[in-house]
Amino acid sequence: MRRALGFAAPALLAIGVTVAPWLAGSRTLILRDVLNTHLGLRAYLGEAVRAGELPLVDPLRAGGQPLLGNPNTLALYPDNLLLLVGSTLWQENAHFALHWLVAFAAAFWLGRAWGLGHEGAAGVGAAYALSGYFYSQLNLYNAVAGAALAPALVAALLELGEARTRRRAAVALGALWALLLLAGDPILAALALGVGATVALARHRRALPLGRLAFALALGSLVAAPQLVETARLLPESMRGFWGYQDIGADTRAPATLVDLLIPVFFGRPDSGAVWSGALFGGHPPLYFSLFPGLVALALALAAGRPLGRDRWALAALAALGLALAYSRGTGLATLFDRVPGGALFRFPEKLLLLPALALALAAGAGLERLARGGGVRPFARAAGALAIPLVALWLGFGTGGAAAERWTLALLAPALDAATYGEERLRWAGLAMLALATLLAALAAAALLRRRPAWAAFALLAVHALSQPFFLAPLVPTDDRDFYAGEPALGPHVPRQAVIVHGGVNDLFGTSYDKHLPPGAMEPRVAAFERMAFDELYGFAGVLQGRRYEFNFAPEGLDHFVVQAVGEGMKQFTDPKRVEILRATGAELLLLHRALLPTDAGEARLRAEIPGHGRSMFVYELPGRLPDLLLAGDVRFAPNVNEALETIWEEGFDPTMTAVVAGSGAARRGPAGNVRRIAEERERVEVEVDSAAGGFLVLRRAFLPIWRAEVDGRPVKPVIANLTRLAVEVPAGRHVVRLWVSRRPLHAALAGSLLGIVGLLVLARAGGLGRERR
């Protein structure tokens, strides 16, 4: 154990130094999805957990969107218990920090299950946890847990085939599978299971107990049943359920981007917003900003030699397949996802890079163990020499600024790279190539000096790797002062907390308006300045942290209701007057914009305030004549699709305070509005008394979801969609009591199944004598 801790110390120290400010609460991660997506998705969950509740609906997002049923919220993941002792933002940072440590431990276990000693297993942990692949997970709350747990699942599957570890491995397999299903990314869970099952079958063949494997997975699935059931209830009517993901091949990488394996953060620094390579990744920044594994890890992997054994060859084949598919942009392989049944649901083929990341880490661990066990420095020296040749060429080519290097680079990286960007970047590339080369030479020198003490030589390589990777990959984990985001946004005093808000910059609802280019004099690095500006201007995540309700702040993963996202995406193409009418029809009260509406485009919108801020003003508009909280509409128009509903709303004289546009077909109805009296109103339950001379439709300023149920005077009725996205119920003439609620029966059944799964795992652990295998 002491030897294992000694070899693990450099990597653990590197991780610990980085995450200490996150756990202390002084700094917070800020890059991309950390604040802009996941903090907003989970803000209401924090309130609910602290109140002892398990909500199915998030009332702060787009009129009430799925919470538990959206796997990206990780609503049932165990570390949500940290919400009881800290803020939502602190818990989010703790989630990243803890899973970074878990990633090292899981990869260490994988190394041991692979057959490596403590030295090699520590090498696997360091190569995986400090790789660019894993660093790139540290802005993806819904992916980092899956990436951290994946090596452990593979290890459990390998140990399941060993007689002496079979029983405890079965328990671990069931528990890990449950955690992966709750971790927010089912694609990573499936990939981990696929690679683990493949290498375990290749190693053990008939000795692998398939029945026990299936039983463990079934128990794990039962534990995760509440998540699975709620997602299944909502997926068919989500954007992903309707359309999947179009043009999947556009999210693959161009083969030329493999240069990032040698030069870290080649495609621009994400901490300064200077990522220029969108054309190489489908028109947007890459999912993983850098895959740089470290030159020491690469050299160790090459020094390991060719694979020996069926399991090694199986993993190598999977890694090669993952690389080929992930880097297939511009090749025929990129269309494979469109041809495979269900392939349209697979977003970001880059996730296949888990396979080569695991393979490279295991190869690096094997190379390190070969050195530590007296295999000599020569294999590592040869590998380092082979890597040094292209590094020297890149250093000299970029450093001298030769015409041939420029032509070659521009041709290889077209159309993403132009001559101006090349001129700005080449010296940065040359410097990084020189530093990477220096790191490689330092590792080689240390190994050569300690060649007579191979264990110390191996330790020295781990130390060089652990010191250099945080330096090279620091742009992937920018942070900011956490206290800033705990204060009051600058726009906050001008926007009532109870108001229903639409921010024109969220999801670019009012065109591509939320410009990330800051005015002269803005603070650096730019990503921190942008996030501070977004917070002060009540961008979505800032408002929901304070309990403010927003409309059309749908999640980018496409798991909110289809019509909400379809209308929101369409708004990007509409004119301002049409956008304003949509907001009035759906009940928005205030519109926040960074630009003023033209007098001819404002329509019914009235300027409430102009607030100066970060080099520009924010404009707050009131939207009078909007849909009220509760409307019993006697004037009803029917629309068979969203386009016809929009045309009706855009008609001159349309009045959302009197008229409802209901999904379906039928003749228009003309009648007086009825009276509505609240009896009870909660997050997932509404009860009202209505009175109408002619009947009509009761429209609520809440989003329609298929999990809503309704009854009139105790008789079940079917909820429908009105005014594009709203929840509505038809009621007959006269006085009636209408009750609407979110159905929890499937959840209760799933919770019973989850309890059964937990009991099953406990019984399996006790029967197997967890921690003490029989001789």
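This is a predicted model: local features need pLDDT of at least 70, side-chain atom pairs count only at pLDDT 80 or more; totals for chains, interfaces and linings use all residues.
Helix α3 covers residues 88-114, 27 residues in total. From first to last C-alpha the helix reaches 38 Å, close to the 39 Å expected at 1.5 Å a residue. Of the 27 residues in α3, 21 are buried, and the helix is mostly covered. Gly115 follows α3 and has a positive phi, near 110°.

Helix α2, residues 33-50, crosses α3 at roughly 115°, and the two axes come within 9 Å. The helices are therefore roughly perpendicular to each other. The crossing of α2 and α3 is right-handed. On the α2 side the contact is made by Val34, Leu35, His38, Leu39, Arg42, Ala43, Gly46 and Arg50. On the α3 side Thr88, Leu89, Gln91, Glu92 and Phe96 take part. The residues of this contact divide into 6 nonpolar, 4 polar and 3 charged.

**Helix α12**

The buried residues are Leu295, Val296, Ala297, Leu298, Ala299, Leu300, Ala301 and Ala303. These residues pack against α4 (118-129), α15 (354-372), α16 (378-400), α18 (419-449) and α19 (454-472).

**Glycines after the helices**

Both α3 and α12 have a glycine with positive phi listed below.

| Helix | Glycine | Position | Phi |
|---|---|---|---|
| α3 | Gly115 | follows α3 | positive, near 110° |
| α12 | Gly305 | just after α12 | positive, about 85° |

Definitions and conventions:
Residues are numbered from 1 along each chain as its sequence is written. Side-chain values use heavy atoms; hydrogens and water are left out. Helices (H or I, at least four residues) and strands (E, at least two) are DSSP runs, numbered from the N terminus. The expected span of a helix is 1.5 Å times one less than its number of residues. Buried means under 20% relative accessible area, exposed over 50%, partly exposed in between (1.4 Å probe, protein chains only). Axes are lines fitted to C-alpha atoms, for helices over the stretch in contact, and angles run from 0 to 180 degrees between N-to-C directions. Angles under 35 degrees count as roughly parallel, over 145 as roughly antiparallel, 65 to 115 as roughly perpendicular and the rest as oblique. A crossing is left-handed if the near helix is turned anticlockwise from the far one by less than a right angle, and right-handed if clockwise. Contact means heavy atoms within 4.5 Å. Ala, Val, Leu, Ile, Met, Phe, Trp, Tyr, Cys and Pro count as nonpolar, Asp, Glu, Lys and Arg as charged, and the others, Gly among them, as polar.
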